[in-house]
Amino acid sequence: MFFDLARPVLFALDPERAHRLTVRALAASPLRTPPRPGPLAISVAGIEFPNPLGMAAGFDKDAEVPDELLGLGFGFAEVGSITPLPQAGNPKPRLFRLVEDRGVINRMGFNNAGADVARLRLERRRHRPGIVGINIGANKDSLDRIADYAAMTRVMAPLASYLAVNISSPNTPGLRALQDESALTGLIDAVLEMRSDKGPPVFLKVAPDLEPADIDAIARIALDKKLGALIVSNTTISRPELRSHHRGETGGLSGEPLRDLAQQRMRDFRKATGGAIPLVGVGGISSAEDAWARIRAGASLVQLYSAMVFEGPGLPRKIIRGLEGLMKRDGFSSIAEAVGSE
């Protein structure tokens with residue numbers, strides 16, 4: 001109800017300013033207890049998730065409100081992307097609502113306060129319950145991006161439920177080149193070496209704009225290196241037909257216009273991996289039906305972000321209730337049983 005009243009005010013503001021106000025409001029929330037395991041509980045990469053719905057990276061770039069996000073009903077929250085050094089990101093404006101399309105275009109450029117600031121916040125909450133993944137990136141002007149990821153692994157691994165290696169943002173020039181088979185092998189080796197054997201599982205976040213050969217190569221590397229999961233996918237640089245006057249803005253497109261592409265990439269990675277590695281479905285999920293379709297296509301976990309812009313903070317619990325009903329309707333006794341069952 002509060003969001004319905006506040007939405008006209010928030011939508012009258014610049015999207016980035018509205019986001020900052022939202023984070024500040026969430027920081028004041030007394031709801032910080034993660035959900036209890038229920039009918040939707042699932043084990044992925046050795047982690048017991050109370051439900052499969054998570055907040056994707058990008059909302060809480062500086063690890064300001066992970067516990068408050070869990071308090072909304074998310075089964076897990078992913079903070080970041082965090083880079084070794086602070087960086088301002090790309091020039092403003094860099095965030096655009098596509099209201100008519102229920103989508104978002106961003107070209108933020110890994111704006112964040114850097115590893116030291118996030119580390120202090122995460123250390124303060126490290127003994128609290130709840131699953132918090134840490135999404136790590138490289139600085140735009142870094143001379144050795146693989147070294148950046150290794151350094152971030154060393155700092156963040158002790159604080160993370162899982163590490164998400166983000167090489168798929170379209171807003172840092174050259175970053176997606178790390179999805180090349182040779183570069184990716186070197187990157188993953190560096191991360192795993194720095195993590196240590198007792199460290200958290202490593203998830204790899206990939207782009208939706210991949211050729212079949214890229215998908216096969218990434219799948220082979222993920223299986224060979226025994227990664228914890230693949231996060232499929234990030235924003236897209238492609239442009240389906242859009243109605244909003246912001247449709248011509250450069251950057252990564254997310255929200256409902258990304259749904260069909262992200263759904264197809266989930267099927268592609270499910271086929272390429274043969275179901276031998278968990279997949280996390282992201283992109284265009286705004287309802288229980290969307291989440292269920294992604295699970296049936298192969299996702300063990302799902303994440304959202306852009307949908308919160310349009311639906312508000314009640315969305316996580318709404319989706320969880322809907323998933324329970326859909327699982328029962330289709331005769332499955334658990335989420336794990338439904339994964340890849342389409």
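Okay, let's start with a definition: in this talk, contact means heavy atoms within 4.5 Å of each other. And when I say helix or strand, I mean a DSSP run, H or I with at least four residues for helices, E with at least two for strands, numbered from the N terminus.

Two quick notes on where this comes from. What you see is a predicted model, where local features need pLDDT of at least 70, side-chain atom pairs count only at pLDDT 80 or more, and totals for chains, interfaces and linings use all residues. Residues are numbered from 1 along each chain as its sequence is written, and side-chain values use heavy atoms, with hydrogens and water left out.

Let's begin with helix H7, residues 212-224. Its 13 residues should span 18 Å at 1.5 Å a residue, and the end C-alpha atoms are 18 Å apart, so that agrees. The expected span here is 1.5 Å times one less than the number of residues.

Which residues of H7 are buried? They are Ile215, Ala217, Ile218, Ala219, Ile221 and Ala222. Buried means under 20% relative accessible area, exposed is over 50%, and partly exposed is in between, using a 1.4 Å probe and protein chains only. And what do those buried residues pack against? Helix H6 (181-195), strand S9 (202-206), strand S10 (229-232) and H8.

Take Ala222 in H7. Ala222 counts as buried because its relative accessible area is 1%. Not counting residues up to four places away in sequence, Ala222 touches Leu227, Leu230 and Ile277.

In general, two packed helices are described by the angle between their axes and the distance between the axes. For H7 and H8, the angle is about 55° and the axes are 9 Å apart. That makes H7 oblique to H8. The axes are lines fitted to C-alpha atoms, for helices over the stretch in contact, and angles run from 0 to 180 degrees between N-to-C directions. For the wording: under 35 degrees is roughly parallel, over 145 roughly antiparallel, 65 to 115 roughly perpendicular, and the rest oblique.

H7 and H8 cross in a right-handed way. From H7 the contact uses Ile215, Asp216, Ile218, Ala219 and Leu223, and from H8 it uses Arg265, Asp268, Phe269, Ala272 and Thr273. Sorted by type, the residues of this contact are six nonpolar, one polar and three charged. Nonpolar here covers Ala, Val, Leu, Ile, Met, Phe, Trp, Tyr, Cys and Pro; charged covers Asp, Glu, Lys and Arg; the others, Gly among them, are polar. As for handedness, a crossing is right-handed if the near helix is turned clockwise from the far one by less than a right angle, and left-handed if anticlockwise.

Thr273 counts as buried because its relative accessibility is 5%. Leaving aside neighbours within four places in sequence, Thr273 is in contact with Ala219, Leu223 and Leu230.

Next pair: H4, residues 115-124, and H5, residues 145-156. How do H4 and H5 pack? At about 20°, with axes 11 Å apart. That makes H4 roughly parallel to H5. H4 also passes H5 in a right-handed crossing. Ala115, Ala118, Arg119 and Leu122 from H4 meet Met152, Val155 and Met156 from H5. That contact divides into six nonpolar, no polar and one charged.

On to the loop between S10 and strand S11 (252-255). Thr235 lies in this loop, and is buried at 9% relative accessible area. Its contacts, leaving aside neighbours within four places, include Asn106, Pro170, Asp209 and Leu258. Arg247 is in this loop too, but Arg247 is partly exposed at 44%.

Last, the backbone. Most residues other than glycine have a negative phi, and most peptide bonds are trans. Here, Phe110 has a positive phi of about 55°, and this residue is buried at 5%. Ala45 has a positive phi as well, near 55°, and is partly exposed at 30%. As for peptide bonds, the one from Gly80 to Ser81 is cis, with omega near 10°, and another cis bond joins Val232 and Ser233, with omega about 20°.
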